[in-house]
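Biologist: Please give me a close look at one part of this model. Spell out your cut-offs as you go.

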Protein chains: 2
Amino acid sequence: MRIGVLGSGDVGRTLAAGFTGLGHEVMLGTRDPKKGPITAWVQSTGKGVSVGTFAEAAAFGDVLVLAVLGTAVEEVARLAGAKNCVGKPVIDATNPLDMSTMPPGLFTGTTDSLGERVQRLLPGAHVVKAFNTVGNPHMVKPDFPGGPPDMFICGDDDGAKATVTDLTKALGWNVIDLGGIEASRYLEPLAMVWITHYFRTRSGNHAFKLLRR
Amino acid sequence: MRIGVLGSGDVGRTLAAGFTGLGHEVMLGTRDPKKGPITAWVQSTGKGVSVGTFAEAAAFGDVLVLAVLGTAVEEVARLAGAKNCVGKPVIDATNPLDMSTMPPGLFTGTTDSLGERVQRLLPGAHVVKAFNTVGNPHMVKPDFPGGPPDMFICGDDDGAKATVTDLTKALGWNVIDLGGIEASRYLEPLAMVWITHYFRTRSGNHAFKLLRR
């Protein structure tokens with residue numbers, strides 16, 4: 001499968017490397033594809049990952065991943081081009097973090113979410129919220145006592161969620177589907193539970209599981 | 001220990017029975033202490049639990065539990081009397097559920113929470129958010145494969161949190177402290193993750209755990 005990863009930060013690189021490890025072709029979309037650090041990363045960790053503009057990566061992928069700062073979502077969606085995303089599953093790994101305070105807060109309310117905004121920005125795409133509730137060091141092949149942990153996802157298109165579920169399971173997760181994209185209103189605050197525990201313990205070695213019987 | 005439970009619904013009754021089971025003295029505060037169903041419940045399940053008004057239960061307890069509908073919090077706090085709560089740990093098990101839709105939504109935003117509102121309504125009390133992220137059938141002695149599950153708590157007073165941690169552990173939980181009461185902004189949406197899964201599966205047999213290593 002061809003996967004276009006929009007965003008070349010830690011999350012984008014981690015998922016790009018994870019997907020190439022599964023045998024997928026990955027293009028990493030970034031603002032300036034010629035940037036030295038990206039080239040260096042591709043030559044070392046990201047072997048097999050190509051690099052392009054946001055628009056090139058969006059056009060390349062059968063499945064897209066949005067992995068940028070919450071504050072950059074609107075601009076990156078515009079640069080990627082809504083028409084390049086039509087009909088495609090878009091994994092939205094972003095969080096609406098307001099970094100003006102530390103620990104950060106959320107810049108959305110409980111009647112809106114960044115997941116819903118991404119869906120409105122890319123109306124023809126099938127947005128699936130996922131990978132927003134764990135830090136990047138444990139996104140690929142998470143290894144915890146009592147695991148595998150659960151990746152909560154949500155989105156409006158069942159076919160896109162099935163594709164994202166397969167990819168997420170292949171990366172080592174169990175998947176729990178919380179319904180339509182509006183459940184992002186709860187999955188984005190869930191990221192804040194993860195982040196708050198990180199700030200209190202200074203350790204990012206945790207992930208959620210929903211115990212069931 | 002004397003525990004005053006404000007609220008005689010399923011959550012209040014469950015916690016009241018759980019605390020008497022641990023050997024504590026419990027008074028259940030309710031709007032009308034003479035109400036038939038409460039009397040019947042005390043005679044069967046709630047043996048050893050006394051019943052009083054909200055004010056009587058608040059005055060009775062060394063530790064208080066607030067277990068009412070989110071929309072009733074303001075009135076119940078007024079009826080309980082802020083002066084009866086001064087200096088006491090108050091377990092806030094409420095959620096700001098807007099029941100005008102099903103599944104419900106939240107009537108707070110991401111820059112406020114019901115936990116913070118309860119603390120403002122009872123300024124001399126030491127409010128600790130707890131028991132709001134699991135359904136009542138599993139609040140006492142939760143029994144899950146891979147358990148015990150984690151009870152996330154938050155509050156501004158470390159002494160009150162230590163007391164609530166001891167009580168919560170005695171009921172069979174592991175406890176994770178997320179800091180000040182403002183973390184209610186994330187623990188109340190976490191309840192919605194629990195509730196959303198409930199509505200999708202029609203099963204309330206689930207509870208959160210934070211896998212760690």
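Modeller: Start with one pair of residues: A:Leu211 sits opposite B:Ala207 of β11(B). The model is predicted: local features need pLDDT of at least 70, side-chain atom pairs count only at pLDDT 80 or more, and totals for chains, interfaces and linings use all residues. Residues are numbered from 1 along each chain as its sequence is written, while chains are lettered from A and ligands numbered from 1 in the order in which they are written.

β11(A) and β11(B), residues 206-212 of chain B, pair in the antiparallel sense over seven bridges. Two strands pair if DSSP finds at least two bridges between them. Helices (H or I, at least four residues) and strands (E, at least two) are DSSP runs, numbered from the N terminus.

Now widen the view. Contact links 34 residues of chain A with 34 residues of chain B; it requires C-beta atoms, placed from the backbone, within 7 Å. On the chain A side, β7 (105-106), α8 (184-201) and β11 (206-212) each supply at least two residues. α8(A) gives the most, with nine residues. By class, this side of chain A holds 17 nonpolar, twelve polar and five charged residues. Here Ala, Val, Leu, Ile, Met, Phe, Trp, Tyr, Cys and Pro count as nonpolar, Asp, Glu, Lys and Arg as charged, and the others, Gly among them, as polar.

Next, chain B itself. Eight strands form an open sheet with mixed pairing, in the order β3-β2-β1-β4-β5-β8-β9-β10. β3 (49-52) and β10 (174-177) stand at the edges with a single partner strand each, so one side of each has no neighbour in the sheet. Direction ignored, neighbouring strands are turned by 25 degrees against each other on average.

β9(B), residues 150-155, pairs with β10(B) in the parallel sense over four bridges. B:Met151 has B:Val175 as its bridge partner. B:Asp150 stands opposite B:Asn174 in β10(B). The chain runs from β9(B) through α6(B) to β10(B), a right-handed β-α-β crossover. Right-handed means that, with the strands pointing away from the viewer, the path from the first strand over the helix to the second runs clockwise.

α6(B), residues 158-170, lies across β4 (63-66), β5 (89-92), β8 (126-129), β9 and β10 of chain B. α6(B) runs at about 160 degrees to β9(B). Axes are lines fitted to C-alpha atoms, for helices over the stretch in contact, and angles run from 0 to 180 degrees between N-to-C directions.

Finally, α5(B), residues 114-121. Seven of its eight residues are buried. Buried means 20 or more other C-beta atoms within 10 Å; exposed means 12 or fewer, and partly exposed lies in between. Among the buried residues of α5(B) are B:Leu114, B:Glu116, B:Arg117 and B:Leu121. The buried residues pack against β4, α4 (73-80), β5, β8, β9 and α7 (184-201) of chain B.

Terms used
Two residues are in contact if their C-beta atoms, placed from the backbone, lie within 7 Å.
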